[in-house]
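Hi,

Here is the structure I promised to pass on. Have a look at it first, and then read my notes below.

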Amino acid sequence: MCPDPKPITRVLLLSFCITLSAFLAFPTPGLSKKEHIVYFPNTAYELNVYKIYGKQPGKTLMLIGGIQGNEPGGFLSADLYADMSLARGNLVVVPRANFYSIILNQRGPHGDMNRKFTNGESASSTEDKIVTILKKLISESDYLLNLHDGAGYYYPKYINKWRNPMRFGQSIIADTNEYRVPGTNRVIKMEEIAQKVIREVNPHIENELHKFHFMNTKTAAQESPHREQRQSATYYALTEHHIPAFGVETSKFLPSIDLKVRYHNLVINAFKRAFGIVPESPSLVLDPPLLKYLVVSGNGQIPLVRKVNQTLELQAGDAIHGSHIESNVERGVRLGILGRG
């Protein structure tokens, strides 16, 4: 809120605050290679993809955040991995898969993007094109984590309306307990992998309600109550490319976004260790922050783009929401209004 007694406040967008997502450290020589690819630049569907290659070869883990725009825990957590340096293994990080839905704070303004991973390819919309790109990235990966926030708390037994087998929050989700790769003797033990991660993560969570559980959606089964998952990114990755793929869900009911991000990070880090992906020192950020533009809305109205030296007119009592900041600092940027906090 803006408690200025003046009828109109003109906010000049000159400065903002940044929070570094990693400790400042002196990197060792020979840092891991990084690629930053931007699709649909300067549009509401801008798609940023970060590929991080370790100094030593290893498996590739793909992280998808923001495929559903009203689940900030996932995309804010994925942000923190885009600047990593790796000693071994590789990461493919897509922090905001559906940027337009994030701007609107909606699950999917043109349908759920996580229900578009069918076998066929379509280029009829930008969202379809994004899914095609994500499919290609999945085909280049050895593992997939799709990061979400879900309503309530998953529990294998019915406790109450918000804690039962049909809720998703605080769960690691797989489409089956085990998956036998067609035409081979290879069996991917999905539950075994997830339970190993859960045993590592849960001792770091004090609140019993917040502890993670394994959820098997039995997606392929005729009697599955989650048959819609057959069009999801994880089911596509498992059945088309035969790689372990999991949904990671923190609860929308958690008291803070910080807690959601913390829980996501605990799970991601445990999966990284399980897959032999080893981090190196955090990246060094030295350049002073420079604002390019921000996306901001007032009182729930349509978001607007404002650049440096442009003004935003506010009346006393107005509420503003900044949904995106673009700057030369890739990660960990937050909005601050001078003199207002």
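Let's start with strand β16, which covers residues 291-298 and pairs with β19 in the antiparallel sense over seven bridges. Strands here are DSSP runs of E with at least two residues, helices are runs of H or I with at least four, and both are numbered from the N terminus. Two strands count as a pair if DSSP finds at least two bridges between them. Within this pair, Val-296 stands opposite Gly-322 in β19.

Before going on, keep in mind that this is a predicted model: local features need pLDDT of at least 70, side-chain atom pairs count only at pLDDT 80 or more, and totals for chains, interfaces and linings use all residues. Residues are numbered from 1 along each chain as its sequence is written, and side-chain values use heavy atoms, with hydrogens and water left out.

Back to the sheet. It is an open one made of three strands, in the order β17-β16-β19, with antiparallel pairing. β17 (304-307) and β19 (320-327) each have a single partner strand, so they stand at the edges and one side of each has no neighbour in the sheet. From one strand to the next, the twist averages 25° (axes are lines fitted to C-alpha atoms, for helices over the stretch in contact, and angles run from 0 to 180 degrees between N-to-C directions).

Is Glu-326 buried or exposed? Glu-326 is buried, with a relative accessible area of 16%; buried means under 20%, exposed over 50%, and partly exposed in between, using a 1.4 Å probe and protein chains only. Leaving out residues up to four places away in sequence, Glu-326 touches Glu-46, Leu-291, Lys-292 and Tyr-293, where contact means heavy atoms within 4.5 Å. The C-alpha atoms of Glu-326 and Leu-290 are separated by 8.9 Å, although the two residues are 36 apart along the chain.

Now for the nonpolar cores. A core is a set of buried Ala, Val, Leu, Ile, Met, Phe, Trp, Tyr and Cys residues joined through side-chain atoms within 4.5 Å. In soluble globular proteins, nonpolar side chains tend to be buried together. Which residues touch the most other members of the largest core? They are Leu-145, Ile-172 and Phe-271, out of 40 residues in that core. Elements that give two or more residues to this core include β7 (143-150), β10 (171-174), α4 (190-201) and α6 (257-274). Of the contributors, α6 gives the most, with six residues. Apart from this core lies another, of 23 residues, with Val-49, Ile-133, Leu-134 and Ile-243 among them.

Two loop residues are worth a look too. Most residues other than glycine have a negative phi. Asn-105, however, has a positive phi of about 55° without being a glycine, and this residue sits in the loop between α2 (99-104) and α3 (126-139). At 53% relative accessibility, Asn-105 is exposed. His-242 is not a glycine either and has a positive phi of about 55°. You'll find His-242 in the loop between α5 (233-241) and β14, partly exposed at 22% relative accessibility.

Finally, the whole chain: six helices and 20 strands, with buried residues making up 47% of its 341 residues. Among contacts with a separation of 6 or more, 72% come from residues 24 or more positions apart.

Happy exploring!
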